[in-house]
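Notebook open, model loaded. I want to go through a few side chains and jot down what they touch.

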Amino acid sequence: MNSQSPALSDLLSLKGRRALVVGGAGLLGSQISEVLAEMGATVVVASRDAQKCQAFIDDLKARYPGDHGALQIDMLDADSVNACIQSFTDQGPMNILVNCAWSGAKNSLETIDEADWVYDIDMSLNGVFRVVKASIPALRETKGVILNIASMYGHVAPDYRLYDGKTYANPPSYGAAKAGVLQFTRYLASFLSPDGIRANCLSPGPFPYPSTIAAAPEFIGRLAAKNPLNRIGTPHEIKGAAALLCSDASSYMTGQNICVDGGWAAW
């Protein structure tokens with residue numbers, strides 16, 4: 001037995017580390033923020049909705065005491081991105097960067113127009129670029145970790161039989177942007193490796209919003225039946241993969257994409 005092998009609990013510990021989670025108060029981002037705090041990290045969440053972020057942080061502090069915080073960021077605005085990163089680094093080092101923000105309209109191929117396409121690409125792909133670009137100097141100092149949240153629809157196409165009209169459709173711009181995030185992450189893994197920075201992706205499968213679950217049971221049933229596990233995901237099920245990719249438990253992993261999709265892309 002190798003007595004020098006570190007304990008898994010030590011590899012998973014994030015004590016003394018600081019994490020910026022962009023989109024960290026959303027459906028899945030909140031679960032990532034929570035697990036990082038649970039593992040000992042100081043967590044700062046950022047989005048355009050500063051009040052939502054602060055309310056989330058107040059709740060997080062009650063459960064996981066620490067110097068957690070909230071910042072405002074507009075990923076469409078380079079000045080806002082730079083100001084957010086500067087505010088974060090003014091308070092301490094950046095060990096972990098998570099990009100989990102998204103916004104956009106529901107659209108089918110028939111209904112999407114150029115304005116929606118441009119907005120979605122700018123938010124979901126260009127926004128990730130802006131945040132990462134502004135964070136590289138800080139991540140170099142700590143040999144930090146980047147986790148970008150992509151999607152199953154970044155590497156497989158939606159099954160048209162699941163969708164009826166635009167109400168719950170997955171817009172083509174979303175999949176195109178997330179495919180770009182996957183490849184951008186591989187690029188980062190390659191070109192930032194000399195700096196000791198690791199970059200990985202996590203691709204969630206079907207994690208519908210509670211409002212969709214309540215309003216569209218037949219649609220949810222179609223999603224569940226499509227999946228090998230025959231169900232949709234519960235938000236907390238993202239936490240294990242996020243814990244792995246943000247910690248030293250994945251210290252020999254970079255440029256990878258972990259699918260948390262119930263087996264969606266396996267058949």
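**Entry 1: Asn-95**

I started with Asn-95, which sits in the loop between helix H4 (78–91) and strand S4 (96–99). Helices (H or I, at least four residues) and strands (E, at least two) are DSSP runs, numbered from the N terminus. Ground rules for myself: this is a predicted model, where local features need pLDDT of at least 70, side-chain atom pairs count only at pLDDT 80 or more, and totals for chains, interfaces and linings use all residues. Residues are numbered from 1 along each chain as its sequence is written, and side-chain values use heavy atoms, with hydrogens and water left out.

Is Asn-95 buried or exposed? I noted it as buried, with a relative accessible area of 16%. My cut-offs: buried is under 20% relative accessible area, exposed is over 50%, and partly exposed is in between (1.4 Å probe, protein chains only).

Next I looked up what the side chain of Asn-95 reaches: the backbone nitrogen of Arg-18, at 2.8 Å. Not counting residues up to four places away in sequence, Asn-95 touches Gly-16, Arg-17, Arg-18, Leu-139, Thr-142, Gly-144 and Val-145. Contact here means heavy atoms within 4.5 Å.

Arg-18 turned up again, lying over the face of Phe-88 at 4.1 Å from the ring centre. For that I need CZ of Arg (or NZ of Lys) within 6 Å of the ring centre and within 35 degrees of the ring normal.

**Entry 2: salt bridges**

How many salt bridges does the structure hold? I get 10, counting a side-chain nitrogen of Lys or Arg within 4 Å of a carboxyl oxygen of Asp or Glu.

I picked out Glu-38 and Lys-239, whose side chains meet at 3.7 Å, N to O. Glu-38 is in helix H2 (residues 29–38) and Lys-239 in helix H9 (residues 239–246), so this pair ties together parts 201 residues apart in sequence. Glu-38 is partly exposed at 47% relative accessibility, while Lys-239 is buried at 16%. Both belong to a salt-bridge network that links Glu-34, Glu-38, Asp-59, Arg-63 and Lys-239.

Asp-159 bridges to Lys-226, with the closest N and O atoms 3.2 Å apart. That pair links distant parts of the chain, 67 residues apart: Asp-159 is in the loop between strand S5 (145–149) and helix H6 (172–191), and Lys-226 is in helix H8 (residues 217–226). I have Asp-159 as buried at 12% and Lys-226 as partly exposed at 24%.

For Asp-122 and Arg-130, the closest N and O atoms of the bridge are 2.6 Å apart, and both residues are buried.

**Entry 3: aromatics**

I count 6 aromatic pairs. Tyr-153 and Trp-264 have ring centres 6.4 Å apart and planes at 80°, so I log them as edge-to-face. Rings of Phe, Tyr and Trp (its six-membered ring) pair if their centres lie within 6.5 Å; planes under 30 degrees apart are stacked, over 60 edge-to-face, the rest tilted. Tyr-153 is buried, and so is Trp-264.

Tyr-163 and Phe-219 are a tilted pair, because their planes are at 50°, with centres 5.6 Å apart. Both are buried, and Tyr-163, Tyr-168 and Phe-219 form one aromatic cluster.

Which residues other than glycine have a positive phi? Lys-143 has one of about 55°, and Asn-230 has one near 60°. Lys-143 is exposed at 56%, and Asn-230, in the loop between H8 and H9, is exposed at 53%.

Key:
A polar contact is a pair of N or O atoms within 3.5 Å; within protein, one must be able to donate a hydrogen and the other to accept it, and residues adjacent in sequence count only if both atoms are side-chain atoms.
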